[in-house]
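Have a look at the model first, then work through the points below.

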Amino acid sequence: MAKSSLNIDEVESLCAEPDPSTRDYISHHTMLLIKDPKKTLDFYTRILGMRLLFGVDLPAISTSTFFMGFAKAEDIPKDKAKTIEWASKKPGCIEFRYEYGTDTDESFKGYHNGESDPRGFGHIAVCVPNIDDACKRLEELGVEFAENPKQGKMSGPAYIKDPDGYWIEICSGKKYREDLTGII
């Protein structure tokens with residue numbers, strides 16, 4: 001096994017104080033390419049509880065893009081222009097990009113999920129109030145697990161796969177904090 005070339009104690013010294021001009025920056029979204037928007041939109045709304053914030057069809061580049069996130073229905077403006085402005089300030093969104101035809105092209109095998117070799121992008125994470133309850137519900141819905149700790153004996157997060165094979169970490173904020181506090 002390889003040894004880390006980074007001593008965790010030196011991490012803070014490697015990080016600069018953010019420039020004041022960046023104080024209003026947010027981590028807005030991560031973009032994932034998807035094969036079939038019908039499957040993806042269903043999964044992220046029905047299974048994970050996200051909402052479609054807005055979608056845009058871009059026929060000039062044979063693409064549609066869908067921005068999704070966790071939001072209350074009443075918080076999403078009804079006017080499309082106001083919705084886009086509101087969503088542009090919402091952190092933690094996911095942009096799903098569909099390139100026309102990938103859903104009907106039988107030779108298209110899908111996109112790289114980042115978890116198989118060669119590894120790169122890893123996963124997104126969703127914090128839930130109770131991992132056991134969330135995993136039970138996900139199992140009942142037939143969701144594919146990449147890693148599923150035994151019910152009632154959670155020693156860490158679970159990982160599920162979306163319709164494109166992307167991994168999603170299911171973690172509990174409380175359990176996550178307890179685990180990290182035990183390591184530090």
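**Strands, hairpins and helices**

Arg51 has Gly69 of S3 as its bridge partner. Keep in mind that this is a predicted model.

**The S2–S3 hairpin**
- Strand S2 covers residues 51-58 and strand S3 covers residues 63-69; the two run antiparallel and are joined by 7 bridges.
- Asp57 is another residue to look up: Ser64 in S3 is its bridge partner.
- The hairpin leaves 4 residues between S2 and S3, and Ser62 in the turn has a positive phi of about 50°.

**The four-stranded sheet**
- S2 and S3 belong to an open sheet of 4 strands with mixed pairing, ordered S1-S4-S3-S2.
- Strand S1 (29-34) and S2 sit at the edges, each pairing on one side only.
- On average, neighbouring strands here are turned by 20° against each other, ignoring direction.

**Helices across the strands**
- Helix H2 (residues 37-47) lies across S1, S2, S3 and strand S4 (93-99), and runs at about 5° to S3.
- Helix H3 (residues 80-87) lies across S2 and S4, running at about 110° to S2.

**S6, S7 and S8**
- Strand S6 (residues 145-147) pairs with strand S7 (residues 158-161) in the antiparallel sense, over 2 bridges.
- Phe145 has Ile160 in S7 as its bridge partner.
- S7 is also joined to strand S8 (residues 167-172) by 4 bridges, again antiparallel.
- Across that pairing, Lys161 stands opposite Trp167 in S8.
- The S7–S8 hairpin has 5 residues between its strands, and Gly165 there takes a positive phi near 90°.

Methods. Residues are numbered from 1 along each chain as its sequence is written. This is a predicted model: local features need pLDDT of at least 70, side-chain atom pairs count only at pLDDT 80 or more; totals for chains, interfaces and linings use all residues. Side-chain values use heavy atoms; hydrogens and water are left out. Two strands pair if DSSP finds at least two bridges between them. Axes are lines fitted to C-alpha atoms, for helices over the stretch in contact, and angles run from 0 to 180 degrees between N-to-C directions. Contact means heavy atoms within 4.5 Å.
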